[in-house]
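User: I'm new to this one and would like to learn how to read it. Could you take me through it feature by feature?

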Amino acid sequence: MSERTITLDALTRVEGEGTLDLTIRDGKVTQCAFRIFEPPRYFEALLRGRAASEAPDITARICGICPVAYVMSACQAIEAGWGVTVSPEIHALRRMVYCGEWIQSHVLHAAMLHAPDFLGLNDAIEIARVAPDTVRTALRLKALGSRLMEVIGGRAVHPVNTRLGGFFRAPDPAAIAALIPDLEWGVGAARSLALDFARFDFPVDNGDYLFVSLVHPETYPILEGRIGSSDGLDIPVDAFHDHFCEDQVAHSTALHGRMRDGRRYLVGPLARYANNYVQLSETAKETAALCGLDPVERNPFRSILIRMVETQYACEEALRLARGYVPPQPAAMEMRPVASVGEGCTEAPRGICHHRYRTDDSGIILEATIVPPTSQNQPQIEADLARVAQANVDLDDDALRHRCEQTIRNYDPCISCATHFLKLKVDRG
Amino acid sequence: MTAPLRLAVWKFASCDGCQLALLESGDLLLELAEAVEIAHFAEASSSMREGPWDLSLVEGSITTAEDIARIRHIRENSRLLVAIGACATAGGIQALRNVADAGAFAAAVYPHPEILDALETSTPVSDHVAVDLELQGCPISSAQLLEVITALLSGRKPQLPVEPVCFECKRAGHPCVLVANGTPCLGPVTTAGCGALCPAVGRGCYGCFGPLPGAVPAVLSQRLAELGLHRAELTALYRSFAAAAPANAEEAARHE
């Protein structure tokens, strides 16, 4: 009997820390455990007893890569509980700052963390030595996303201008107008990076995914819509916990998300794109087609292309919103605390981020439940790893280890968020 | 020619936002990569080279027994160790557990808290090893980080502000939110460096750059109480992103 154990001890180019244990017996993958060893920070516990007005700033600290997602999901949840609907102008400004986060997060991952996998390089600095223009374009595009976050949110990481009900101060129209030329450039830059990346030699793979994302009849959802799946689920945001749950597993500090019926599911760019393809702009669809993407893409290694299509779309959206910018008056809706339970859900770059808060009538948080994207994807990441490892079982340990690392990076896993993470240990006996 | 400075970046309990400051520096990152050897930066590169390192940037707070062993190993192999951000310098928002029942905290999040391997406290790096320099901020400022690295490269002392947020707020010409609007603001007792971002949007400072050495928060608290802040609100104000900094911990406890 032949046995192999492969351990991946320190996963690199992901936001956070984790390991993978893989056991192979007689050429069959018998065990695959993706461990998150990011230490727990107990956000849901430390929110208890804090003012609901603090929830956006506190939960932003769950993730330095996607703070806007946490800010917006928290705001929406509490606003829903307290019966507040924001004005169309506030919603538009929120969507614009969220576009900034999609741009900076997607470009960081695609160009700086994921692209090296397909070029056989260690990092973006090595890419800069062989393809300096690509890296400079990516850095400039990422900086554009960060600038949107600074102009609207007040800071590129952990915004200060966002609050329950809207914003502290509506940005000056001149500051928004100044973004327009760069956003016009950004649309084309995102497209050219997508086409560059489309020339990579992608591993062949085909995942049997249940895609879950926000869905909306009129727009590619970012922070609006219902929760939908590729097999017909269509529920309001506040019915999330009726259909989805999280379990703790002994090998990880990340909770594992599943459907209540036990099925695993996928959130993030592949899911969002498959469920909402028709809502993409014609120009973004055209880029997708030129990249060889079908309206439903099941090869997770090609998620890098979808991230760049979404980056193009986010530049187009931010451009549209900047051109139509009307400063919200008032900058924030009035917020009166109500003893209530409120739920909110938005599309973080890595997938849906769901928040639920129970507050008392003085606005104090009694209970908080936060379901980040990476914990929802945990069971699917393990399933992808088992599938990819089985298909590549004849590779030697180093090559197999590299392929497994790539499989995890396909997810752009935000391991800091998921705790509530990778050493790969392959056991071939 | 001398060998390039060997830089390492480390992560403990944190959100990754401070290491992002390096990636946030755009083209400067590429110039930096020419000037120093990035020997270990797991978030950005698969190339990980052993110590010793000339400069270790440490993000995150110490929350597990394994963390303690790891930070000691990093210290022993680093010529200079700089703690970056509110988690590494003041325990971070996760230090709220230090004043709570840690068991109840874990049980509120995890169905089986007994299988977790975490300490009951979240503590700054300086509680465990000698730290050469602390960079404040939640998150740190990219400009300050680059100043520290370039200063070390050129063999001079980094120039970092030791003044309250109020000074940079005044220089930027923002109206004082505390005086003009009666908005609670920690600017007078908070270290400058953020660029007075909150007052710039009409909001009070919430202290994410940590307490200013030598400031007297009790005087500010008295003024805030006159403005109508209750004791619990004062406690919460000091007990946030730099909760485990001694000046904040003491002032928060005084109002409990």
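**A guided reading**

Analyst: Let's start with a cysteine: C63(A) sits in the loop between α2 (55–60) and α3 (67–81) of chain A. Keep in mind that this is a predicted model.

User: Is C63(A) buried or exposed?

Analyst: The idea is to look at relative accessible area, where anything under 20% counts as buried. C63(A) comes out at 0%, so it is buried. C66(A) is in the loop between α2 and α3 of chain A too, and it is buried as well, at 1%.

User: Which residues does UniProt list with C63(A) under "binding site"?

Analyst: The unreviewed UniProt entry puts that feature at C63(A), C66(A) and C414(A).

User: How many bridges link β11(A) and strand β12 of chain A?

Analyst: Nine, with β11(A) and β12 (residues 351–359) of chain A running antiparallel. To find your place, look for A348(A), which stands opposite G351(A) in β12(A).

User: Which residues does S73(A) touch?

Analyst: Leaving out residues up to four places away in sequence, S73(A) touches G344(A), C345(A), T346(A), C353(A) and H355(A). S73(A) itself is in helix α3 of chain A, and it is buried, with a relative accessible area of 0%.

User: What is the strand order in the sheet with β6, β7 and β8 of chain A?

Analyst: That open sheet goes β6-β7-β8 in chain A, with antiparallel pairing. β6 (212–215) and β8 (234–235) of chain A are the edge strands, each pairing on one side only. Helix α10 (residues 269–276) of chain A packs on this sheet, touching β6 and β7 of chain A, and its direction makes about 50° with that of β6(A). As for the pairing itself, two bridges join β7 (residues 226–229) of chain A to β8(A), and I227(A) stands opposite I235(A) in β8(A).

User: What about chain B? Why is strand β4 of chain B called largely enclosed?

Analyst: Count its buried residues. Five of the seven residues in β4 (residues 78–84) of chain B are buried, so the rest of the structure largely encloses that strand. Strand β3 (residues 53–59) of chain B pairs with β4(B) in the parallel sense, over six bridges, and L55(B) stands opposite L80(B) in β4(B). Going from β3(B) to β4(B), the chain passes through helix α3 (residues 65–76) of chain B, making a right-handed β-α-β crossover. β4(B) also runs parallel to strand β5 (residues 133–135) of chain B, joined by three bridges. A83(B) stands opposite E134(B) in β5(B).

User: How do I judge the contact between the two chains?

Analyst: The size of an interface is often given as the accessible area lost when the parts come together. Chain A and chain B bury about 5,000 Å² between them, with carbon and sulfur atoms giving 62% of that. Y42(A), R61(A) and Q248(A) supply 14% of the area chain A buries against chain B, more than any other three residues. The contact takes 59 residues from chain A and 58 residues from chain B.

User: Which way does phi go for D26(A), positive or negative?

Analyst: Positive, at about 50°, although D26(A) is not a glycine. D26(A) is in the loop between β2 (18–25) and β3 (28–36) of chain A, and it is partly exposed, with 48% relative accessible area. A196(B) also has a positive phi, near 50°, but this residue is buried at 0%.

Technical notes. Residues numbered from 1 in each chain as written. Chains lettered and ligands numbered in written order. Predicted model: local features only at pLDDT ≥ 70, side-chain atom pairs only at ≥ 80, totals over all residues. Heavy atoms only, no water. Pairing = 2+ DSSP bridges. Helix = DSSP H or I, 4+ residues; strand = E, 2+ residues; numbered from the N terminus. Contact = heavy atoms within 4.5 Å. Axes fitted to C-alpha atoms, helices over the stretch in contact; angles between N-to-C directions. Buried < 20%, exposed > 50% of the residue type's maximum accessible area, 1.4 Å probe, protein only. Right-handed = clockwise from strand over helix to strand, strands pointing away. Buried area = accessible area lost by both parts, 1.4 Å probe. UniProt positions renumbered as here; feature names shortened; annotations may be inferred.
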